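Hi,

Here's the structure I promised to send over. Have a look at it first, and my notes on what turned up follow below.

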Amino acid sequence: MKLSFADCAFDSDARELLRAGRPIALSPKAFALLELLIEVRPGAASKTDIRARLWPGARVSDSSLTNLIAELRAALRDRGRKPRIIRTVSRYGYAFTADTKTVRGGSAATEVPEAACRLIWGRREIELETGENLIGRDQDAIVWIDHDSVSRRHARIVIRAGAATVTDLGSKNGTFVGGKRIQESTPLRDRDTVKIGPASMTFRIIRPAGSTVSAVKGNPRA
C-alpha cells in the first residue's frame with residue numbers, strides 16, 4: 001500500500017514513512033498502528049482492535065497505546081487538540097482523517113513536495129506545515145511568541161503547492177516582511193525576514209540534497 005497525505009508519504013511494503021521527502025523514524029509498533037488506522041479509514045479503530053493487532057495475547061495498559069499515539073502525532077506534526085491526521089474518538093479509539101492519494105507504481109515519496117518551509121528564529125528551526133500556520137500568543141500557534149506586543153492570533157503563513165504567503169490577522173502592531181509592514185497577503189521568498197513583535201525570523205525553503213538551493217545549517221528546533 002502506497003499513498004500520500006498532507007506532506008507525508010506512506011509505503012507499507014517498504015515499511016517507510018516520509019515527511020517532505022525525508023524519512024521519519026518510527027518504532028515498529030507506531031508504524032503498525034499507523035498502518036492499521038490507514039487500513040480502516042474513514043472508519044475508526046477501536047482500542048480493543050488496536051491492542052489485538054499490536055499486542056496479541058498480551059495485557060497492556062492504556063498508557064502504552066496513548067504513548068504510541070503521541071509518538072505518531074509528534075512524527076506527523078499533528079496536534080491532539082486540533083488534529084489534521086489522527087482523531088481521537090471519545091471512549092472508543094482513533095481514526096485516520098487526512099485526505100489521501102493512492103500512488104500506483106514507483107515510490108510514494110514522489111508525491112511529497114520537494115521542498116520544506118521553515119522559519120529560523122535565533123537558534124530555533126521551526127518547520128511549517130502544508131496549509132495554515134498560525135503565529136501569535138495562542139498556545140495552538142505553530143510559532144508561539146509570548147510577548148505583550150503580539151496578538152493572540154497575530155498572523156498566518158499559508159503553504160500550498162510549493163508557494164508561501166504571509167497574512168496579518170488584524171494585529172495592532174503589525175507584521176513586517178523585509179522591514180515593511182504588510183497590508184495584504186504577501187508572497188514569501190527564500191531568506192525573507194519576517195518580524196512580529198520582538199521576533200525577527202528568516203523564512204527558508206529547504207530542498208533535498210542535490211538541489212540548487214542550499215540547506216540551513218543549524219541547531220534543530222528547540
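This is a predicted model: local features need pLDDT of at least 70, side-chain atom pairs count only at pLDDT 80 or more; totals for chains, interfaces and linings use all residues.

How are H1 and H3 oriented to each other: roughly parallel or roughly perpendicular? Residues are numbered from 1 along each chain as its sequence is written, and side-chain values use heavy atoms, with hydrogens and water left out.

Now the helix pair. The axes of helix H1 (residues 28–40) and helix H3 (residues 62–76) cross at roughly 80° and come within 9 Å. The axes are lines fitted to C-alpha atoms, for helices over the stretch in contact, with angles from 0 to 180 degrees between N-to-C directions. H1 and H3 are therefore roughly perpendicular to each other; the cut-offs are 65 to 115 degrees for roughly perpendicular, under 35 for roughly parallel, over 145 for roughly antiparallel, and oblique for the rest. On the H1 side, Lys 29, Ala 30, Leu 33 and Leu 34 meet Leu 65, Leu 68, Ile 69, Glu 71, Leu 72 and Leu 76 of H3, where contact means heavy atoms within 4.5 Å. The residues of this contact split into 8 nonpolar, no polar and 2 charged.

Of the 222 residues, 43% are buried, and the terms here are buried for under 20% relative accessible area, exposed for over 50% and partly exposed in between (1.4 Å probe, protein chains only). The chain exposes about 12,100 Å², with carbon and sulfur atoms supplying 48% of it; those areas come from the Shrake-Rupley method with a 1.4 Å probe, and for residues only the protein chains shown count as cover. Among contacts between residues at least 6 apart in sequence, 46% join residues at least 24 apart.

Next, the cores. A nonpolar core here is a set of buried Ala, Val, Leu, Ile, Met, Phe, Trp, Tyr and Cys residues joined through side-chain atoms within 4.5 Å. The largest one has 30 residues, and Phe 5, Leu 17 and Leu 33 touch the most other members. Strand E1 (2–5), strand E2 (8–11), H1, helix H2 (47–54), H3 and strand E7 (93–96) each supply at least two residues of this core, and H1 gives the most, with 8 residues. Apart from it lies another core, of 24 residues, including Leu 119, Val 143, Ile 145 and Leu 188.

Leu 33 touches Ile 50, Leu 54, Leu 65, Leu 68, Ile 69 and Leu 72, if you skip residues up to four places away in sequence. Leu 72, in helix H3, counts as buried at 0% relative accessibility. Skipping neighbours within four places again, Leu 72 is in contact with Leu 26, Ala 30, Leu 33, Leu 34 and Ile 86. Leu 72 and Leu 26 are 46 residues apart along the chain, yet their C-alpha atoms are separated by 7.7 Å.

Most residues other than glycine have a negative phi, and most peptide bonds are trans. The peptide bond from Arg 41 to Pro 42, however, is cis, with omega near 0°, and Pro 42 is in the loop between H1 and strand E5 (44–46). Arg 91 has a positive phi, near 60°; Arg 91 sits in the loop between strand E6 (86–89) and E7 and counts as exposed at 85% relative accessibility. For Arg 191, phi is near 80°, also positive, in the loop between strand E17 (186–187) and strand E18 (193–196).

Tyr 92 touches Ala 44, Ala 45, Ser 46 and Lys 47, not counting residues up to four places away in sequence.

Cheers

Conventions. Helices (H or I, at least four residues) and strands (E, at least two) are DSSP runs, numbered from the N terminus. Ala, Val, Leu, Ile, Met, Phe, Trp, Tyr, Cys and Pro count as nonpolar, Asp, Glu, Lys and Arg as charged, and the others, Gly among them, as polar.
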